[in-house]
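Colleague: I have a multi-chain model on screen and want to learn how to read it. Can we go through it feature by feature?

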Amino acid sequence: MSLRLQAQSLACERDDRWLFRDLDLDIRAGEIVRVEGPNGSGKTTLLKILSGQLADYEGELFWSERPMRETRESFLANLLYLGHAPGVKAALTPLENLAWYQALSGEAPSETARFRALEEVGLVGFEDVPAGQLSAGQQRRVALARLTLTPRALWVLDEPFTAIDRDGVAALERRLVEHARSGGCVLVTTHHELTPCAELRRIRLGGGGVDDGI
Amino acid sequence: MWAFINKLRSPKWFYAISAKLQPWFWAAALILIVTGTIWGLAFAPADYQQGNSFRIIYVHVPAAFLAQSIFVSMAVTGLVFMVWKIKIADMAATVMAPLGAAMTFIALFSGAVWGVPTWGTWWMWDARLTSMLILLFLYLGVIALRGAFASRDSASRAASVLAMVGVINIPIIKYSVEWWYTLHQPATFTVTGRVGMPMEMWLPLLIMVLGFYSFFIALVLTRTRSEILRRESNKRWVRELAEEAN
Amino acid sequence: MTASENSLSRAPAALREEPGGGLAVAVWATLKRDLLLMLRRRSEVLNPLVFFALVITLFPIGISPDPALLAAIAPGLLWVAALLAALLSLDSLFRADYDDGSLEQLLLTPQPLALLALAKVAVHWLLTGLPLALMAPVLGIMLSLPAGSYAVLAISLALGSASLSLIGAIGAALTVGLSRGGVLLSLLVLPLYIPVLIFGAGAVQAAILGDGVLAHLAILGALLALALSLAPLAIAASLRISING
């Protein structure tokens, strides 16, 4: 089994408008794939389809060269998705937030691992502050701590750089490249321009079309 | 079987086949309802207890039958849509909901009108009327839920789930309401379900029921066809159809 | 789109064959997290209880303070008011999770969503249905509920409100993505509540009349068993629909 996410003639229609059509994708280990396109071109939708959240699409998805329907469990076990909303509870502290994610992903509960993950994203000293009192950037960092906390091969990140300061952006970019180089795979949308590197590949979305089928 | 299911995936195929079917159902509905109405209202004997007012069953009973059947059909088409992603099933479910609500309302209204000569009041918390009222709320819920979603696919799937949840609950609601009714008002006259009705009375009723069902099928076919055109308006075959018509 | 060459020499070490397991851990963590969240927002726990007391106060004022009349309608009043109070708190069951993105994450775990959703519903019952059931006898005194029916009132509410939470969660899951979900939620859920109401209020009524209450409670139990087996699946399906937008 190897890390490989494929899509064949993927198409998505929203309100009688095609967001994208005939999209073929082949994403493998060691790649950073940046999905580009203007606002409303379906970047988030594509990421949601590729992370198995949306069922309203045409075409076929394959994970490890088998249809997604059959491999959903194994796919989800290898996926880490960070959406627009960070998924951080304001009433809980960063440690408590991470504890839930740790348990949810089937990791053994370990406080040391949580501390280390928070350290990685520069939140030392904020471990026990309710997340509601943290800044937007810091809340995003709590979500990003999951990259370390729950190791997964496939990262699907929707605008992960939102609200993060310059140092954080640089650190996160390094983190993405590192992940790709160690055999992982990153699928990302961002308005922030990524530093070009060997692993980076782009997918451009934009402009739908009119149906002429059936 | 599979060939048939695969054919159902094509709205174009359904559009063609329904064009051939719908006149037959419309004709059957017209003949049966006209025959049943004339027979029921003019020729069937008057009830020895209720006189002529009993004749409202020729509307009330078919409407009540249909009200329940439509909900079940809606759940079945919802299931078909969820399992096989057949869009036709969802279009049919879409057009069935308001029709079912209308039938439920007719059953309720005719029951209330019937209540005046039998109970001397427009409304009694009779078990059947109460279940009908709850059914009306269930229909309104499905219609409202479908209308509330921005995305059509989500709306369809949400309405399907709700219809399925509702259909599991309908028998439970029905039996609990009946139980509740016998507890609170034992041995009052119930509107329908009388045994020993003479043949001259129930034969026109049977004809009316069949007529209502034909009407239901015909109307669903016709309305599903316009729903197909509405949803597939950007498909090539619909455009060609429109050009031919011009 | 051309497939880029697989330049990789190292095998992706992190790739996992099967989900990590630990369903019990995930369910337990979800229970703990939701309890903790509710306890940090105590007003949300208290609101349904205050609402329950308020509605019960309105009836004697609106109808009559006559103890005989109140005693006659008390079982129904208490049940209807408790049902509405439970309904009131349903809208927030998944909404906070939906708004902050936790719900997407819940849907993307390799664990069965139905069971995780069940954990959330269990917390809702524990902090809404159960307190309402425990509070009902006190309000029963205020409505001159005849002696001998207090225990049955609490038990029937405890049993029945569990079904209410489960059925209501289906409605909450269906409407969580809608901005004006609140009113719609009651339209969807209230008709489905009727059997529970009939047998719940019926149990209290039977206790007052001195009839056997076991049959009623058994039916409430059967309804709960049915809801427990089917509702989690419907909730999971509904959440997946709602996240679709």
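Modeller: We will take confidence, then folds, then an interface, then a few local details.

Modeller: Keep in mind that this is a predicted model.

Colleague: How do I read confidence, and what average pLDDT does chain A have?

Modeller: pLDDT is the predictor's confidence in each residue, from 0 to 100. Chain A averages 85, and 95% of its residues score at least 70. One stretch needs care. Residues 208-214 of chain A have a pLDDT below 50. In the model this stretch still has 15 contacts beyond near neighbours in sequence.

Colleague: Now the folds. How many helices and strands does chain B have?

Modeller: Chain B has eight helices and zero strands. Its C-alpha trace spans about 60 × 40 × 35 Å along the principal axes. Of its 246 residues, 41% are buried. Look at contact range too. Take contacts in chain B between residues at least 6 apart in sequence: 79% of them join residues at least 24 apart.

Colleague: And what is the secondary structure of chain C?

Modeller: Nine helices and zero strands. The C-alpha trace of chain C spans about 85 × 35 × 30 Å along its principal axes. Buried residues make up 51% of the 245 residues in chain C. Contacts in chain C with a separation of 6 or more are 81% between residues 24 or more positions apart.

Colleague: Which residues of chain B does UniProt annotate as "transmembrane region"?

Modeller: Such annotations may be inferred rather than shown by experiment. The unreviewed UniProt entry lists residues 21-44, 56-84, 96-117, 129-149, 161-181 and 201-221 of chain B. Check the spans against the model. Residues 129-149 of chain B are 95% helix and 0% strand, with end C-alpha atoms 31 Å apart. Residues 201-221 of chain B are 100% helix, and their end C-alpha atoms also lie 31 Å apart.

Colleague: Which residues of chain C carry that annotation?

Modeller: For chain C, the unreviewed UniProt entry gives residues 45-63, 69-94, 147-176, 183-208 and 214-239. Residues 69-94 of chain C are 88% helix and 0% strand, and the end C-alpha atoms lie 40 Å apart. Residues 183-208 of chain C are 100% helix, with end C-alpha atoms 35 Å apart.

Colleague: Next, the interface. How many residues of chain B are in contact with chain C?

Modeller: The size of an interface is often given as the accessible area lost when the parts come together. Here we count residues instead. On chain B, 24 residues are in contact with 20 residues of chain C. Helix 5 (127-148) and helix 6 (152-184) of chain B are the elements that give two or more residues to that side. Helix 6 of chain B gives the largest share, 14 residues. By class, the chain B side has 17 nonpolar, five polar and two charged residues.

Colleague: Chain A has strands. In what order do they form the open sheet?

Modeller: Four strands of chain A form an open sheet in the order 2-1-4-5, with antiparallel pairing. Strand 2 (17-28) and strand 5 (66-67) of chain A each have a single partner strand, so one side of each is left without a neighbour in the sheet. Strand 4 (residues 58-63) and strand 5 of chain A pair over two bridges. Phe62(A) has Pro67(A), in strand 5 of chain A, as its bridge partner.

Colleague: What packs on the sheet?

Modeller: Helix 1 (residues 43-50) of chain A does, touching strand 1 (4-14) and strand 2 of chain A. The direction of helix 1 makes about 130° with that of strand 1 of chain A. Now take helix 2 (residues 68-77) of chain A. Phe75(A), Leu76(A) and Ala77(A) are buried there. The buried residues of helix 2 pack against strand 4 and strand 6 (79-82) of chain A.

Colleague: Last, backbone angles. What is the phi of Ser64(A)?

Modeller: Most residues other than glycine have a negative phi. Ser64(A) has a positive phi of about 50°. Ser64(A) sits in the loop between strand 4 and strand 5 of chain A.

Colleague: Why does Ser64(A) count as partly exposed?

Modeller: Because Ser64(A) has 18 C-beta neighbours inside 10 Å, and a buried residue needs 20 or more.

Colleague: Where is Ser144(C) found?

Modeller: In the loop between helix 6 (113-142) and helix 7 (150-175) of chain C. The phi of Ser144(C) is positive, near 55°. With 17 C-beta neighbours inside 10 Å, Ser144(C) counts as partly exposed.

Note on methods: Residues are numbered from 1 along each chain as its sequence is written. Chains are lettered from A and ligands numbered from 1 in the order in which they are written. This is a predicted model: local features need pLDDT of at least 70, side-chain atom pairs count only at pLDDT 80 or more; totals for chains, interfaces and linings use all residues. Two residues are in contact if their C-beta atoms, placed from the backbone, lie within 7 Å. Ala, Val, Leu, Ile, Met, Phe, Trp, Tyr, Cys and Pro count as nonpolar, Asp, Glu, Lys and Arg as charged, and the others, Gly among them, as polar. A residue is buried if 20 or more other C-beta atoms lie within 10 Å of its own, exposed if 12 or fewer, and partly exposed in between; C-beta atoms are placed from the backbone. Two strands pair if DSSP finds at least two bridges between them. Axes are lines fitted to C-alpha atoms, for helices over the stretch in contact, and angles run from 0 to 180 degrees between N-to-C directions.
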